[in-house]
Amino acid sequence: MDSRAIESGPFGEMLPSLKKVAAVFREAEIPFVLGGSVAAWAHGGPETDHDLDFLVKRADAERALSQLVDHGMRREHPPEPWLYKAYDGDVLIDVIFDPAGLEVDDEVIARSPELEIFAVPMRVLRPSDLLVTKLMAMTEHTINYRSCLEIARAVREQIDWDELQQRTSESPFARAFFTLVDGLGIAEAERPNARAVWPLPRRLA
C-alpha cells in the first residue's frame, strides 16, 4: 500500500504517537519491542487503526510509564495486571510487561527484528511471538480468531508453525486455531503433513 495513503488514513493519526513513544523510550534507554496489530502490519499484515502496543521488561514498566507521563501523556489505571495504559491525545498506548505466554526479557528483545517504521528503526515482535500472546490470552469470554487468522494468512511464510504449535499446546483455543489453519489451508506449504480433522466441503454441482 502507498505510504501516503496510510499516512492520510486512520493509521496515520497514530504515527506521531508511535514515533513519540519510540523516541521517549530510546532517550530513556528503555529497551522495547513494538507489538500488537501494528507489529503485524509491519511484517506485511493488514493496516490497523487499533491502539499502539509496546512491550517492555517488567523491571522497566513503571519507569516507562513515568517517562510517558513526563512527556505529556495521560495515565490510565486498567484493571488488567499485565499492562499499563497512557493516552497521547486520543491515541491509546499500551505498555505491556507480562503478555500471555511470553516473558519479555533480553532474549525476546534480541530476537525481535529491527525494522524501519516510517523511517524510525525499532524492534518489532516476530509473528510467531505475536500469535503466541494472542492465542494464549484467549478465554471462553474472549474468543476471537479473526485477527489471528488475518495475521496467519498475511505472513504465513514468516511463522515457525511447529514452534507456535508447541508453545501453545496447552491451550484448547490454540488447538482449535490450528484446526482452522489446517482446514483452511493457510499453512499448507509450511505444514505439509498437517491435515484437517473434518472433511472439507464438496463443491456443489
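The model is predicted. The chain contains 9 helices and 7 strands, and 46% of its 205 residues count as buried.

**Whole chain**

- Among contacts in the chain with a separation of 6 or more, 62% come from residues 24 or more positions apart.

**Helices H2 and H4**

- Two packed helices are described by the angle between their axes and the distance between the axes.
- Helix H2 spans residues 15–27 and helix H4 spans residues 58–70; their axes come within 10 Å and cross at roughly 120°.
- An angle of 65 to 115 degrees would count as roughly perpendicular and one over 145 as roughly antiparallel, so H2 and H4 are classed as oblique to each other.
- The crossing of H2 and H4 is right-handed.
- On the H2 side the contact is made by Val-21, Val-24 and Phe-25, and on the H4 side by Ala-64, Gln-67 and Leu-68.
- Sorted by class, the contact of H2 with H4 has 5 nonpolar residues, 1 polar residue and no charged residues.

**Helices H7 and H9**

- Helix H7 covers residues 146–154 and helix H9 covers residues 172–183; the two axes come within 11 Å and cross at roughly 45°.
- Angles under 35 degrees count as roughly parallel, and H7 and H9 are therefore oblique to each other.
- H7 and H9 also make a right-handed crossing.
- From H7, the residues Cys-148, Leu-149 and Ala-152 meet Phe-177, Leu-180 and Val-181 of H9.
- The contact of H7 with H9 is made up of 6 nonpolar residues, with no polar and no charged ones.

**Glu-116 in strand S6**

- Glu-116 lies in strand S6, which runs over residues 114–117.
- The relative accessibility of Glu-116 is 61%; since the cut-off for exposed is over 50%, Glu-116 counts as exposed.
- Glu-116 and Ala-42 are 74 residues apart in sequence, while their C-alpha atoms are 8.5 Å apart in space.

Terms used: Residues numbered from 1 in each chain as written. Predicted model: local features only at pLDDT ≥ 70, side-chain atom pairs only at ≥ 80, totals over all residues. Heavy atoms only, no water. Axes fitted to C-alpha atoms, helices over the stretch in contact; angles between N-to-C directions. Helix = DSSP H or I, 4+ residues; strand = E, 2+ residues; numbered from the N terminus. Left-handed = near helix turned anticlockwise from the far one by under 90°. Contact = heavy atoms within 4.5 Å. Nonpolar A, V, L, I, M, F, W, Y, C, P; charged D, E, K, R; others polar. Buried < 20%, exposed > 50% of the residue type's maximum accessible area, 1.4 Å probe, protein only.
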